[in-house]
Amino acid sequence: MTTPQDASTRQTAELFGDLWHRYDDRLFEASVQLFYDRFRANGFDLGSLRGQRCIDVGCGGGRLSIAMARLGAAEVIGCDISEEGLRDARRRATGLTNVRFERASTLELPYPDASFDFVLCNGVLHHTPDPLRGFGEITRVLKRGGRCFVLLYGKGGLRWPTVMKIRPHAQAMGYALVDEAIRLAALPANKQRTFLDDFFVPHITFYDGDEIHDLFALHGYRDMQRWTTGKLDHESSVAVQGEELGQMAAVFDAALAPSAPPHFAAARAHAGTARDETRAALADLRAVEAEFAAGRIDERERDWRVHGWGHHRVLATRI
Ligand SMILES: C[S@@+](CC[C@H](N)C(=O)[O-])C[C@H]1O[C@@H](n2cnc3c(N)ncnc32)[C@H](O)[C@@H]1O
């Protein structure tokens, strides 16, 4: 029998499954490098994974599993609900003997208690219907004294509230049309992936700092570090955030352009609203920049208004 949860899980798996193969080798390697750069920038000793038993929960196309395997982990398991992502990950991991990819949900991990030294769960739990249960599962499989790294979306800022306003319009336009508009806008594959995820993934949960703190504290973690350096993507600066909002607007501009194919005509109203929302966010960003330039707000206030909490990247040790 199909439950609503099954349907949304299937939709999530299909959505992400369609994304990884868009990465060519260069983009894939760049995404592995991003992991090394970000972890190093936050003082994480990459050599400390050598000999460890690691799991990458919600591994997608496998970039982080492969990164850990290359660092000399004794064994890495990458698991995901998307068979397409796993297939892509297996192909990319050819030649590595210390990594394997399995189909499993973070809501029900098929691994014994306390069986891993390092659990990594990057950008996954907030896309499940029950993040708390998922967090309970990743904690259950972690050994006492083992380390857990999680990325969860943060509340506030300009980007996510805009995405949440756009989502109903993008969904009304439909996946195929938005995908086509993204291609017409000639965005790079990693942006295609990001925008399609953002607009169509069934579940998105956001957290503030207190919620993140409580999540780890109540599950029995110590030495919690919330990483604030190594912001290397759309959070790296106000300018990059502006560029990304510009790219988002370009998607709907492409859908509305006179040169767009005739089948875009029926979606004009939704594309128009989505474009206006994105332009409004860009205008807000420019206004924040102007206030900063005029000395009316400091850098901290500028960054808070633009980025909000930003992604929570948290490393902690299980007690
Ligand atoms: C934003 S992607 C992140 C992929 C990978 N962690 C990375 O950083 O490249 C989210 C991934 O979570 C997976 N996912 C969503 N719900 C899941 C669940 N319940 N169990 C396992 N994986 C899940 C999706 O299929 C997708 O591959």
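What is the relative accessible area of Ala114?

Mentor: The relative accessible area of Ala114 is 36%, so Ala114 is partly exposed (buried is under 20%, exposed over 50%, partly exposed in between, with a 1.4 Å probe and protein chains only). Before going on: this is a predicted model, in which local features need pLDDT of at least 70 and side-chain atom pairs count only at pLDDT 80 or more, while totals for chains, interfaces and linings use all residues. Residues are numbered from 1 along each chain as its sequence is written, and side-chain values use heavy atoms, without hydrogens or water.

Ala114 sits in the loop between E3 and E4 (strands, E, are DSSP runs of at least two residues and helices, H or I, of at least four, numbered from the N terminus). Its phi is positive, near 50 degrees, though the residue is not glycine. Most residues other than glycine have a negative phi. Ala186 is another non-glycine residue with a positive phi, about 55 degrees. Ala186 lies in the loop between H7 and H8 and counts as exposed, because its relative accessibility is 62%.

H7 covers residues 175-184 and H8 residues 189-200, and their axes lie 10 Å apart at an angle of about 150 degrees (axes are lines fitted to C-alpha atoms over the stretch in contact, and angles run from 0 to 180 degrees between N-to-C directions). H7 and H8 are therefore roughly antiparallel, a label for angles over 145 degrees. From H7, the contact (heavy atoms within 4.5 Å) involves Tyr175, Val178, Asp179 and Ile182, and from H8 it involves Gln192, Phe195, Leu196, Phe199 and Phe200. Seven of these residues are nonpolar, one is polar and one is charged (Ala, Val, Leu, Ile, Met, Phe, Trp, Tyr, Cys and Pro are nonpolar; Asp, Glu, Lys and Arg charged; the others, Gly among them, polar).

Six of the eight residues of H3 (63-70) are buried, namely Leu64, Ser65, Ile66, Ala67, Met68 and Ala69. They pack against H2 (25-41), E1 (53-57), E2 (75-80), H4 (83-92), E3 (99-103) and E4 (116-122). After H3 comes Gly72, with a positive phi near 95 degrees.

Within H9 lies Ile212, which is buried at a relative accessible area of 1%. Beyond its neighbours within four places in sequence, Ile212 contacts Leu152, Tyr207, Met224, His312 and Val314. His312 is 100 residues away from Ile212 in sequence, yet 7.8 Å away from C-alpha to C-alpha.

Last, the chain as a whole. Twelve helices and seven strands make up its secondary structure, and 53% of the 319 residues are buried. Among contacts with a separation of 6 or more, 77% join residues 24 or more positions apart. The C-alpha trace spans about 55 × 50 × 40 Å along its principal axes. Its radius of gyration is 20 Å, which agrees with the value near 20 Å for a compact globule of 319 residues (taken over C-alpha atoms; the rule is 2.2 Å times the number of residues to the power 0.38).

Note on methods
Angles under 35 degrees count as roughly parallel, over 145 as roughly antiparallel, 65 to 115 as roughly perpendicular and the rest as oblique.
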